[in-house]
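This briefing is meant for someone meeting the structure for the first time. Please keep the sequence and the 3D view at hand while reading the points that follow.

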Number of protein chains: 2
Amino acid sequence: MQKPSERKLEIVTVSARLFKEKGYSAVTMRDIAQAMDIKAASLYNHIKSKQEILVLMIIAIAEEYTETIRAIAASGETSVEKIEKVIQLHIDITVRNPDALASLNNDWMHLPKPELQYFLQMREEYEDIFRAIVKKGIADGEIAAYNAEVIIFSILSTIRTLYLWYGKKKDFNANVLKTNLKKVLLEGII
Amino acid sequence: MQKPSERKLEIVTVSARLFKEKGYSAVTMRDIAQAMDIKAASLYNHIKSKQEILVLMIIAIAEEYTETIRAIAASGETSVEKIEKVIQLHIDITVRNPDALASLNNDWMHLPKPELQYFLQMREEYEDIFRAIVKKGIADGEIAAYNAEVIIFSILSTIRTLYLWYGKKKDFNANVLKTNLKKVLLEGII
């Protein structure tokens, strides 16, 4: 995806907040214009529709996840280091943009057909790469030999719902979160 | 809550499946009657409304969670044993009834006011009890001294979204899940 203009990024940021507050379906282009304190006609100079905003918002994040996990997988690090980097990736994106992540999780099904396919394909690739990292870690004896699907579910369910928790605790220190969450997910609590 | 009749339980089971498939708002009393192969008038002999079904479905599960965690907290076991029992409780309810749990998670906001208050109060009590167990475990040196809120979020996010994962993997052996998930959540993966 091409890098959008400053103005488009501003529209995306404001819309992410509105989508989260009222739900994607309930938000109108007029609401977005109002929240930006501009005329609706002026908003249409920058962006065609609510769906275009959703595409800019969700596809950018999904591409960041996909490109980063590809780079992590291709690196020469150990499986445990790779998993740490994946946890770090989720925390970074969550801390930077919890509203857009909420939209990714709640509203992805409203994407237009081609972008929906692209999104689902990226999500599947992401899970496949994560699965391969965990399985290699088990095969190499780096990771405990528990059921790989249970390990994958356990870690992904936590890092994927982080935006819900972090959205309510904005004053939580991001470094405390990083250090503690990596420890808890990798080493457990006992 | 009083124990509902056999017929009411059947209505709840069929409705849980429909709510999950089509979304609570899109399901009509007529759809439910049709799925049970009875006349709508006959359905109304047993149950007044879709909301009454939702109350029966969600409040029963919420009460089971609340009563069981109270009993776990009051027992003489160690904090780690108590956390294991809480994980077990979530797996048991998920395996028994993933459809109703989906409704609890997606549709609780459609409960009538008094039941909504009661539900939110139970959910808060549940989290408070779980938090107290974790904090006592840390204070006693049974649980690693990581940030308590991160530990609580990490475990709850996994066991609360289990219904999503398990709903897609119905053939997954419940005992394999229990053994592995307890190990992964308590002892980590390395």
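F172(B) is buried, with a relative accessible area of 15%, which is under the 20% that marks the limit for a buried residue. The model is a predicted one, and F172(B) sits in the loop between α9 and α10 of chain B.

- F172(B) and V95(B) are 77 residues apart in sequence, and their C-alpha atoms are 9.7 Å apart in space.
- S75(B) belongs to the loop between α4 and α5 of chain B, and S75(B) counts as partly exposed because its relative accessibility is 24%, a value between the 20% and 50% limits.
- From S75(B) to A100(B) there are 25 residues in sequence and 28 Å in space, taken from C-alpha to C-alpha.

**Helix α5 in the two chains**

- In chain B, helix α5 covers residues 79–96, which makes 18 residues, and from its first C-alpha to its last it reaches 26 Å, close to the 26 Å expected at 1.5 Å a residue.
- The buried residues of α5(B) are S79(B), V80(B), K82(B), I83(B), V86(B), I87(B), L89(B), H90(B), I91(B), I93(B) and T94(B).
- In chain A, S79(A) is part of helix α5 (residues 79–96), and S79(A) counts as buried because its relative accessibility is 5%.
- Apart from neighbours within four places in sequence, S79(A) is in contact with I133(A), K136(A), G137(A) and E142(A).

- Helix α6(A) is mostly covered, since eight of its ten residues are buried.
- The buried residues of α6(A) are P98(A), D99(A), A100(A), L101(A), A102(A), S103(A), L104(A) and D107(A).
- Among the elements that cover these buried residues of α6(A) are α1, α4 (50–74), α5, α7 and α9 (162–168) of chain A.
- The axes of helix α1 (residues 6–22) and helix α6 (residues 98–107) of chain A come within 8 Å and cross at roughly 55 degrees, and α1(A) and α6(A) are therefore oblique to each other.
- The crossing of α1(A) and α6(A) is left-handed, and the contact brings A16(A), R17(A), F19(A) and K20(A) of α1(A) together with D99(A), A100(A), A102(A), S103(A) and D107(A) of α6(A).
- Sorted by class, the residues of the contact of α1(A) with α6(A) are four nonpolar, one polar and four charged.

**The crossing of α7 and α8 in chain A**

- The axes of helix α7 (residues 113–139) and helix α8 (residues 148–160) of chain A come within 10 Å and cross at roughly 130 degrees, and these two helices, α7(A) and α8(A), are therefore oblique to each other.
- Where α7(A) passes α8(A), the crossing is right-handed.
- On the side of α7(A), the contact is made by R123(A), Y126(A), E127(A), F130(A), R131(A), V134(A), K135(A) and I138(A), while α8(A) contributes A148(A), E149(A), I151(A), I152(A), I155(A), L156(A) and R160(A).
- The contact of α7(A) with α8(A) holds nine nonpolar and six charged residues, and no polar ones.

**Residue D37 in each chain**

- Most residues other than glycine have a negative phi.
- D37(A) has a phi near 60 degrees, which is a positive value in a residue other than glycine; D37(A) lies in the loop between α2 (29–35) and α3 (40–46) of chain A.
- With a relative accessible area of 71%, D37(A) is exposed.
- D37(B) likewise has a positive phi, near 60 degrees, and is a residue other than glycine; D37(B) is found in the loop between α2 (29–36) and α3 (40–46) of chain B.
- D37(B) counts as exposed, because its relative accessibility is 72%.

Definitions and conventions
Residues are numbered from 1 along each chain as its sequence is written. Chains are lettered from A and ligands numbered from 1 in the order in which they are written. This is a predicted model: local features need pLDDT of at least 70, side-chain atom pairs count only at pLDDT 80 or more; totals for chains, interfaces and linings use all residues. Side-chain values use heavy atoms; hydrogens and water are left out. Helices (H or I, at least four residues) and strands (E, at least two) are DSSP runs, numbered from the N terminus. The expected span of a helix is 1.5 Å times one less than its number of residues. Buried means under 20% relative accessible area, exposed over 50%, partly exposed in between (1.4 Å probe, protein chains only). Axes are lines fitted to C-alpha atoms, for helices over the stretch in contact, and angles run from 0 to 180 degrees between N-to-C directions. Angles under 35 degrees count as roughly parallel, over 145 as roughly antiparallel, 65 to 115 as roughly perpendicular and the rest as oblique. A crossing is left-handed if the near helix is turned anticlockwise from the far one by less than a right angle, and right-handed if clockwise. Contact means heavy atoms within 4.5 Å. Ala, Val, Leu, Ile, Met, Phe, Trp, Tyr, Cys and Pro count as nonpolar, Asp, Glu, Lys and Arg as charged, and the others, Gly among them, as polar.
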